[in-house]
Amino acid sequence: MTVTAIVFQSLLGVLYTATASFKLARHPHMVEDFQQMRLPYSTAYLSAAAEIVCGPALFVGIWVRWLVTPAAAVLTLVMLGAAIISYPRRELWKAIGVSVLVGLCAALALYGYSDLSDAVTS
């Protein structure tokens, strides 16, 4: 595993764990974001559930490699849903940020998958 992958994995793990914590605590910024997108706050709890499990899994995945691919794949799907909802309802810069996170999660899932496939074939 490369240092770059470890850094991205760690940063994404911390980011998603913190974001989930803010959603679960009903931080005013999160409440405002979901109101701005005209979504019920129950959807925040749904995404927080995925983030609170997958965020730490990315961090632990530094040592337990098989956790990375499923965690990153789930987060990719969550962020794809966020992107689909965000584009028509939010400012462009926020939609671009969501797109970057989709790409990073997808790249991490594919990178983890290539590590797993290398381990199986060797």
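In what order do the elements of the protein run from the N terminus on? They run α-α-α-α-α. The count is 5 helices and 0 strands. Both kinds of element are DSSP runs, numbered from the N terminus: helices are H or I with at least four residues, strands are E with at least two.

This is a predicted model, in which local features need pLDDT of at least 70 and side-chain atom pairs count only at pLDDT 80 or more, while totals for chains, interfaces and linings use all residues. Residues are numbered from 1 along each chain as its sequence is written, and side-chain values use heavy atoms, with hydrogens and water left out.

Take the overall dimensions next. The C-alpha atoms fill a box of roughly 50 × 25 × 20 Å along the principal axes.

Now the packing. Of the 122 residues, 39% count as buried. Buried means under 20% relative accessible area, exposed over 50%, and partly exposed in between (1.4 Å probe, protein chains only). Among contacts with a separation of 6 or more, 66% come from residues 24 or more positions apart. A contact means heavy atoms within 4.5 Å.

Charge comes next. The protein has 7 positive and 6 negative side chains. Lys and Arg count as positive, Asp and Glu as negative; His and the chain ends are not counted. The centres of the two sets lie 9 Å apart, with each charge placed at NZ of Lys, CZ of Arg, CG of Asp or CD of Glu.

Side chains of opposite charge can pair when their charged atoms come close. How many salt bridges does a search of the whole structure find? It finds 1 (a side-chain nitrogen of Lys or Arg within 4 Å of a carboxyl oxygen of Asp or Glu). K23 pairs with E51, and their closest N and O atoms are 3.0 Å apart. K23 lies in helix α1 (residues 3-24) and E51 in helix α3 (residues 42-60), so the pair ties together parts that are 28 residues apart in sequence. K23 is buried at 7% relative accessible area. E51 is buried too, at 2%.

Finally, the loops. R26 lies between α1 and α2 (28-36). Its phi is near 55°, a positive value in a residue other than glycine. R26 is partly exposed, at 42%. R38 lies in the loop between α2 and α3. Phi of R38 is also near 55°, and R38 is exposed, at 63%.
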